[in-house]
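Morning, everyone. I have one model to show, and I will talk about where its chains meet.

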Amino acid sequence: MDNTMTHWKFPLLVSRDRFRDELRMNVNQHTRMASPYGQPQPGYGQHGYAPLDGGYLAPYNGPGSAYQTGAPPQGYTPFTTFPYKAVTAHPVSDLSSPLDLGPTRGPPTSGPPPASAPQQYNQYSQSQGDIQNGPPSATQAPPRSAVSQPYNQGAMNLSGQRFSYPQHYGPPPTMQQVTNQMTGMQIASGPPTPAGPGYVPPHSSQPPVTTAYSATPLSSQTQAPPPASSASTQLPPPTGPAASQQYYGGPPPSSQQPFNSSLPPTSQQQFTSSAPPPPPQQTLPPSSYSGLMPPPSQAPAPPASQPQQAFLPTQPPFSSAPSPVSQPSFISGPPPPAQGSFPPTAPPPSSQPGPFPPLGPPPTSAPSGHFSGPMPPQQQPPLSQPSPYHSGPPPPRAQMPPTSMAQSNHLPPGPQGPPGPPGPLQQPPSHPGMQGGYPPQQNGAFGQTRGPQPGYAGPYPGQPNYGAPAPAPAPAPPAQKRLDPDAIPSPIQVIEDDKAKTTEPFTTGVRGQVPPLVTTNFQVKDQGNASPRFIRCTAYNMPCTADMAKQCPVPLAAVLKPLATLPPDETPPYLVDHGESGPIRCNRCKAYMCPYMQFIEGGRRFQCAFCSCITEVPPHYFQHLDHTGKRVDCYERPELSLGSYEFLATLDYCKNNKIPQPPAFIFLIDVSYSAVKSGMVGIICQELKTLIDYLPRENPEMESVVRVGFVTYNKVLHFYNVKSSLAQPQMLVVSDVSDMFVPLLDGFLVNVNESRLVIESLLDQIPEMFADTRETETVFGPVIQAGLEALKAADSAGKLFVFHTSLPIAEAPGKLKNREDKKLIGTDKEKSLFQPQVSFYNTLAKECVAQGCCVDLFLFPNQYVDVATLGVVPVSTGGSIYKYTYFQAQSDQERFLKDLRRDIQKPVGFDAVMRVRTSTGFRATDFFGSFFMSNTTDVELAGLDCDKAITVEFKHDDKLNEETGALMQCAVLYTSCSGQRRLRIHNMAINCCSQLADLYRNCETDTIINFFSKYAFRGVLNNPTKVVRDTLVNQCAQILACYRKNCASPSSAGQLILPECMKLLPVYLNCVLKSDMLLPGADVSLDDRAYLRQLISCMDVTESHVFFYPRLLPLMKLESGSLPVAVRDSEERLSKGGVYLLETGLHLFLWKKASVQRELLLNIFGSQSFNQIDPTMTSLPVLDNPFSQRLREIIDSFRAQRSRYMKLIVVKQEDRAELLFRHFLVEDKSASGGASYVDFLCHMHKEIRQLLS
Amino acid sequence: MATYQEFIQQNEDRDGVRFSWNFWPSSRLEATRLVVPVSCLFTPLKERPDLPPVQYEPVLCSRANCKAVLNPLCQVDFRAKIWACNFCFQRNPFPPSYAGISEVNQPAELMPQFSTIEYIVQHGPPTPLIFLYVVDTCLEEEDLQALKESLQMSLSLLPPNALVGLITFGRMVQVHELSCEGIAKSYVFRGTKDLSSKQIQEMLGLTNSAPLGQQGRPLVPQDAAAFCRFLQPVHRVDMNLTDLLGELQRDPWPVPQGKRPLRSTGVALSVAVGLLEGSFPNTGARVMLFIGGPPTQGPGMVVGDELKTPIRSWHDIQKDNARHLKKATKYYEALANRSAVNGHSIDIYACALDQSGLLEMKCLSTLTGGHIVMGDSFNTSLFKQTFQRVFSKDYNGDFRMAFGGVLEVKTSRELKVCGAIGPCVSLNSKGSCVSENEMGVGGTNQWKVCSLTPSTTLGIYFEVVNQHNAPIPQGGRGAVQFVTQYQHSNTQRRIRVTTIARNWADAQTQIQHIESSFDQEAAAVLMARLGVFRAESEEGPDVLRWLDRQLIRLCQKFGQFNKDDPASFRLSESLSLYPQFMFHLRRSPFLQVFNNSPDESSYYRHHFVRQDLTQSLIMIQPILYSYSFHGPPEPVLLDSSSILPDRILLMDTFFQLVIYHGETISQWRKAGYQKMAEYENFKQLLQAPLDDAQELLHARFPMPRYIDTEHGGSQARFLLSKVNPSQTHNSLYTWGQETGSPILTDDVSLQVFMDHLKKLAVSSST
């Protein structure tokens, strides 16, 4: 039911989004399509296509190919992306507005929000646009272009699936199916390329793309009627141009009329833009919002028909170029089929189909119009509208487009719809305008959309639309007081779309695919590139030249997590042993053997893919080549066929050419007064007794070879001799902290099993011994020195676990003074507070790294402890910091113990060196994370565990080649926990593009945010936070402005156009800007900020995402097997009487309204009254009801996902703790002055406009 | 009147005093012409079973810079209840408690037989004795085991209330906390870092937990015990400590091939001294250092850890090639001084085959009155019994040791104190009786003797300051008072006062008296001490020349001869043995470094300057007994002629006991006659020296090295190196006798020595 429901809804919702998306998508798509496609897809596509062609696809292929050809530049990416994006876009958009739309859908009757109905109407009225939008949303497009690529690759498969799809999937799955299909489509399109050419010429790459998308969408949607639809769609493409035009022409008008107010203008504009649209656009731009608004009004009138029309029109756009518009274009191109297909997806498939076809024609005309010019107007309008909202997503959604076509129209409305009411600002006016002429409607977005169209007209006609949507807010601000939150890109929507879109395992075989979002559960199949769990890039399509890169300051970076833990269903990297001579490497650049190496001369030599140097293949490694030039044993050797694998290192790779000793863990426990008093000491000692049995090991059957040692300290250090031959442990006190040394050798580091009795006796006695301590002063530097010296003496690498409570004020090296000075915050001197007080720790860190001594620091402060300084060593040695402020045994014990357990047990490598090699043309220039660097290339990590990520920034130093793409190889040399020296290799190939649009279509916002946050958090060391914030905003604005200027079709300056892939950039960026680090509230201590700073520095994308945009789940209804759909982090989203769960990766809140239903309380807390609930509880009572069980399951699963245990905080409305909770509602204004999402979007728009002017 | 011999003996028995001259020349000029200074050997705690201590405090002269103790030499006005100080002539009233005093009711201190009297001072809490073991763990397993056993055994010998502590060291230094249950706790110091006393106390956590005793006032023991976890009463930690010692492991740090183990002796001592200094200043304490090799790292390092660099030899020292010598010596001297100031003594028990750095470290014991014991291994009876003997008890069941002694010397006006030579340090007390002319440790009339045994003997040197033109009335007497305050081993504070007087004699008119009052034994020892004292700082040959010159001058002064006629030279009986002593002294290891390592020289000298007269004489001129079928055992000349085939010789050099079987005896023994019933007498003959040796062994501290050898045996060298080489490979046949055994040496024999002496003495050119 649900699925279907969503399905239905989606179409509607999507439709709106689509527009936006499509618009953007078009843009993106075009670019993508162009270059990437050609190369990569060919192979894939062709194969895939074949089947397709055979089937109903045949027609498709035709069109697709045609498109593609046209698209070639945008190429494959676009295809893939488009479809996906389109889909995603829609979904996203849907998500944002889903509720509303859903309802509207009626069929969607299920659709929750009745309110939506009006919207629907609007949408309808606006034209099918809305409706269409719905679909896209349904598809829940994974905005990622990556997806699209997979599709391409998978194309073959997909195509096959597709066929099955219709049957298997049925409507419900459609969303996903759609995507798949989409992919298939693309693939199909791939082959079509040939046809494309013909096609293309006119629309250039874009059209093809769109076609492809459209086709895909269609197919997906059509599922039921695949053949027909496909056929139709395909057919249309070929005819595409004309047809589309017709559509435009035909439908546009019609659509416009319906849309008029809303979409039409935009879409048309876009299209027009390409051709004649300009005028309309101009008019429209201003009313982009209004435009949206109008739709509603219009909607009512021509709902049903419009949708159809919308579809049609949309398709045309796609076909035309608008691939961005994707849907539209699709519709247009394949209108008939597409529509057909869409319809199916659309809730009312049956009915729609019919309508669509008809629409189809119009759309077709429209598309043609796009292409031709005349038609565009109609489509454009819709597009533009949608695009604004989805600006980001569009490209990916491109696929969606088919559905979106309609949606695209909707999009504008969508936004409007929801906002409709709110939208009033512009909308009202727009309506009139819209109606009158599209122009007015579009005012804001629309207008822009139109703008885009013009621009678009050329290459990315549709794009403008994409971008367009967003702008609306900006312009609106003045007029509108406030943007409708539902009208702006919704993270939740994007996330859900991506989830829905991702049904297939992600295969890494194709270069430059954008992987699914981090919030999506997906399986990865390593086919030659590293899994996204190991490497995620900000852009999967790098600009070819430094100039381009400079022009659009999208950071080129990768987030590496070399030792990431893989889910059980994925194979960990294979261990390869190349024998005594060690791994095979390139002679010159020393790159390791990998799938990119080209074997020549019959296999006697190989050419390095990184530096082109030719190296002899050692005799023992020789193997013949097959007819394709691949080694015969290619698939038997991980290093020739996989993206990630490990080499067994030889003595040459060991320190001093000696086989490393097994690593050691040393526990250093503060036993000063506060530590004992808080119960920390007792807890640790108790826990360690069991934990020592869980030291990391490679084979669970074996005993761990890790040795352990114990030290306690306050002002002096106590070492313990726990040699197995002793009857009782011996304590050795070292008071000479000024010149630390290790007082014993034998008996300090011991094997757990041999010395178990002595260790247990020791751990029993430690709390007793210090129970009466009155020592309050502690040292810190000497503590680390002690551990370091111990490791030195044992000649091994290892890890120190330091449990520390207070500012080290005792006389010793590394003594610190309290420098917390609130007055400095916000001043130019603030940065000094994040720099270490003394240089001692830097020197110490260096020594630690040299020895392979990793330091994990557990802090239990009751006051300022200067995390910034204490953290220097952990941060430089690849360690972690855990902070438990005001630690109390009772309430914090569980959290601390879970963290400790995990920290001790987690897989870890020691004494590691990481090097990132790249193919010529670019190189790694900057690194962020917990490590130390003594030169510019080697990242030295005393310890590297499975949770640590390193962000690497790349810069051009030459021109990149589109054909060869950009390769990177990350090699980590480390000592495993069993003392084996190994090399872990991750390879990654990404595409290169000469069109910026391709870049924009293949970005990953989450990763970009990861990079930005690390960049900014490091920036505060040298700059005032204000400057850092401004820099971020500025760069972000430049990125978006660049897109707007170069990729989006021209539109009025008043329109905010966001690339589909980056439509969430503003909201996420705002979260970063509002973070405690960059904009601290009054209650945020310096330590907290320093703590966060280092936390962020080694977060991977998954963690940084949830950290900046917390997950907020409504708990009113829980079902087993699936999580409730999250809601946006805004108070407005919290319904009355609700209970919500919010997680950030660090915090876990259970928030309940005062008016919460009694039943819920009973189910969760077993208590009737709101007031009876103990706010200090940290775990929920175990109640025997399904709800409670499920809730606890959810909480447990959340905790299991995160590297740190989240303590559950129960927050009651109007409770003191609520402030804390509200802090995480990141879309709202923050207490510390952070802008709300809407405000920030407006601000961003203003910035962009300034840049553009 | 008895002979001088008897007088001297009587004085020694009663007061423990032997003066070089028993008539004192009455003027400075005369005194200097006597060559041998007016000086004495004083044994402050000479065992006096017949002397019961009195339970009250001494009566002091009220003059601030005199403070002499009331003694039998004072003039007393019984009616006025007034006494006149015989040193400053101050008239003092008796204290109220002496109200009942009268000619027939005199307090003990006024009776002539109480020229030496001991007071028990009641005030102040008793302070427990402290024993701090400082143990080197860089030993061979066997040695360590033996040492551990000895230490464990010693716990049972300690007084139950004594405080005991343990520091072990190797590469690191560990101070063991003794009062902890369940877990053995110790504080560790890096072996390479010199730490100040304050730092050490801080690191041991001794500074902020309780206020230290004020300067000079020891802590109340209970408090001290409570706050010093490292020193605990034996009875309380007996078991703990026994276990702890039992678990002592060899230093765990690996010793690479070609290296010496790293031994942080310097820091260990520094920590020990710092610990005591912080917690128990001015309390009797004994730091007992057990080492199995030289310090190889950190401050006080004597030799590096590279085995290829041998430890310094005399050769190196003479060539100024001992790079660590000065630094290490300076370091240990500083430590010794600190320790001495606080009244703590340091013993060194060095058992190693090679040198262990005694040369550098000897000052620790020399300045603080500690023992030095040198052996080959801790697993020898020499060490075990010696160590056991440290804790021997006297007739009262008290330990034969006393702590924190302060010796003050007061003289009458004609006399001033030049200095002292012995196990003492100067307290820099510049009284009116201190001479500007220093001999030995001078410039003071008070010395600190941190640890005293009944045999501890100091040489004290005086100067006659009376001018020649201010003659002392006939019958005038000079007096010297020795006031020794110390902590008895039963923790009582005691004061022993010895007051002696000697007649003044005009050297011009009464030279015979003076000559006959000469105590040549005491004079030989006193001169030897001066020589040894000089040898510490001067080149060996210079010292010998100085000694020779003194001897010649003495002979010129007192010899009867015709100018330039050596044959006419005669010495009176009271001086007759003196040249012979000097002859042996010149050959002794105290002045000759040949064939001795620097450590051995230090060891010998250390003991020489602290033993009483008898022992000192034995050291200078070993005693040789001869056993034969020809008669009862008899002492024989220390001469090669005494080495006969049918004799068994027993030589006692103090440091060694050598039993030497003559050639024939040795053959008989090898043939096993002693096992045959019919040769019972031979068996007895063999047994006799063993029994005598046993007796000597028992009385001696430290235990001498016991050597049983025979004619031609390698160890016979001990005997051959000592005897006067009257027959050598050069002279053998000129003498043409079959007796004796030739010594293969180029050393001069006594005869040659005497010939030269006579020649020089009678020479008119000098």
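Start with one pair of side chains: B:Lys193 and A:Asp736 form a salt bridge, with 3.1 Å from N to O. Keep in mind that this is a predicted model.

Polar contacts come next. Between chain A and chain B the rule finds 12 residue pairs in polar contact, both residues at pLDDT 80 or more.

Which elements of chain A supply the side that touches chain B? β14, residues 730-734, and α40, residues 756-769, each give at least two residues to that side. The largest share is from β14(A), with five residues. By type, the residues on the side of chain A that touches chain B are 17 nonpolar, five polar and four charged.

Now stay with β14(A). This strand is joined to β11 of chain B, residues 184-190, by five bridges, and the two strands run parallel. To find one position in that pairing, look at A:Val734: its bridge partner in β11(B) is B:Val188.

Last, the totals. Interface size is often quoted as the accessible area lost when the parts come together. For chain A and chain B, the buried area is about 2,000 Å². Carbon and sulfur atoms give 55% of that area. Counted by residue, 26 of chain A are in contact with 21 of chain B.

That is what I have; I will take questions now.

Note on methods:
Residues are numbered from 1 along each chain as its sequence is written. Chains are lettered from A and ligands numbered from 1 in the order in which they are written. This is a predicted model: local features need pLDDT of at least 70, side-chain atom pairs count only at pLDDT 80 or more; totals for chains, interfaces and linings use all residues. Side-chain values use heavy atoms; hydrogens and water are left out. Contact means heavy atoms within 4.5 Å. Buried area is the accessible area (1.4 Å probe) that two parts lose on being put together, summed over both. A salt bridge is a side-chain nitrogen of Lys or Arg within 4 Å of a carboxyl oxygen of Asp or Glu. A polar contact is a pair of N or O atoms within 3.5 Å; within protein, one must be able to donate a hydrogen and the other to accept it, and residues adjacent in sequence count only if both atoms are side-chain atoms. Helices (H or I, at least four residues) and strands (E, at least two) are DSSP runs, numbered from the N terminus. Ala, Val, Leu, Ile, Met, Phe, Trp, Tyr, Cys and Pro count as nonpolar, Asp, Glu, Lys and Arg as charged, and the others, Gly among them, as polar. Two strands pair if DSSP finds at least two bridges between them.
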